[in-house]
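This report describes the pockets of one protein model and the residues that line them.

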Amino acid sequence: MAQKGFVFRKGASWFFRYRDNFLVSGVVVRKQKCVFLAKYDADRYRRESDLADLVAEKLAAVRSATKCPQSSNSFVSYVENTWLPFVERSKKPSTYAGYRSYWLRYIKPRVGKYALRDFTVAVVSSLLEDVATMHSVNVDTVGKIRSILSAVFSFAMGKGHFPGKLAADNPASCALIPESATQPKETVAASREEVKAILAHLDAEGMTLERVAIALVAYTGVRPGECRGLRWEEWNRTAAQIKVARSVWHAIEGTTKTQQS
C-alpha cells in the first residue's frame with residue numbers, strides 16, 4: 001500500500017510525519033520521521049490541502065530513495081567511511097589531506113542531522129551561506145567546498161547510493177555561492193628585479209641552498225612540491241635543462257601533478 005504520511009500544524013509551521021527506512025549498524029530498519037514543510041501562511045499555506053505539492057515532492061524523494069538503501073546512511077558516516085577512504089586510495093596524499101581538512105573545518109559541523117538522501121540544492125545552498133557567515137572566506141574557498149560536496153554526490157550517484165540519473169540531480173551542482181563571500185585578493189608576483197635582489201642578499205649571507213631553492217621556483221615555474229623533488233643528477237648543465245620527474249608532499253614522494261608537468 002502506498003504511503004500517505006500525516007501533515008500537521010504546530011504553532012506557525014507545517015510538518016510532515018511519515019515512515020522511512022534507515023541504515024542502523026548495517027541493517028535497514030523502518031522508523032518514523034518528521035520533517036518541516038513550510039511556514040503557516042494565511043494566503044498560501046492555510047489548510048493541509050495547500051501543502052499537497054510539498055508532500056508529493058517529499059514522498060517522491062522517499063520512494064526514489066528506497067531504490068538506494070545506502071542513501072539512508074548518515075551523511076557523516078558515508079563521507080568518513082566510504083567517500084574519504086576512496087579519495088585516499090585514488091588521489092594524491094596532498095589532495096586527500098586538503099579534502100579532509102575542508103570536511104572537518106567547514107562541512108562536518110553543519111551536516112550531522114542529515115542522511116545522504118536528505119540533501120537538496122536548498123540544503124547545500126544553506127550550508128554554504130552558513131559557512132560564509134561564520135568564517136571570513138572568499139568565493140574561491142566557498143567554491144571549493146561546493147566542489148567537494150559535488151564530488152561526494154557524483155561518487156554516490158555513480159555507485160547507486162544516491163538517487164539521481166543526471167548531472168543535474170547532483171544537489172551541489174546548482175547550489176548558490178552566497179553574496180556574503182568576499183572576492184579573493186589579487187595575487188602579485190615578484191618582479192625580476194625583486195627576485196634578483198633577494199638572490200643577491202642570500203648570496204651575501206652565504207645562504208647557498210636557500211638561494212638555489214628560490215632561483216629554481218622563480219625562474220623555472222615548478223610547483224613547490226616539484227621543487228622539493230628535484231635531484232642534482234637530473235640537471236643537464238650542457239643542455240641547460242632540469243628534468244621534473246617527481247613531487248614531494250611533506251615526506252611522501254609521488255608523481256607530478258599532471259603528465260604535462
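## Largest pocket

The largest pocket has a volume of about 1,100 Å³. A pocket is an open set of points on a 1 Å grid over the protein atoms alone, where a 1.4 Å probe fits, with protein on both sides within 12 Å along at least five of seven lines; lining residues have an atom within 4 Å of a point. Grid points are joined across faces, edges and corners, and the volume is the space filled by probe spheres set on the points.

The model is predicted: local features need pLDDT of at least 70 and side-chain atom pairs count only at pLDDT 80 or more, while totals for chains, interfaces and linings use all residues. Residues are numbered from 1 along each chain as its sequence is written, and side-chain values use heavy atoms, with hydrogens and water left out.

## Lining of the largest pocket

The lining comprises 32 residues, and Lys58, Asp118, Phe119, Thr120 and Val123 lie nearest the pocket centre. Strands E2 (13-24) and E3 (27-39) and helices H1 (52-65) and H4 (121-134) each supply at least two lining residues. Helices (H or I, at least four residues) and strands (E, at least two) are DSSP runs, numbered from the N terminus. H1 gives the most, with eight residues.

By type, the lining has 19 nonpolar, three polar and 10 charged residues. Ala, Val, Leu, Ile, Met, Phe, Trp, Tyr, Cys and Pro count as nonpolar, Asp, Glu, Lys and Arg as charged, and the others, Gly among them, as polar.

## Second largest pocket

The second largest pocket holds about 520 Å³ of space. It is lined by 20 residues, with Val212, Ala213, Leu216, Trp232 and Ile242 closest to its centre.

Helices H6 (192-204) and H7 (208-220) each supply at least two residues of this lining, and H7 provides the largest share, eight residues. The lining of the second largest pocket divides into 14 nonpolar, three polar and three charged residues.
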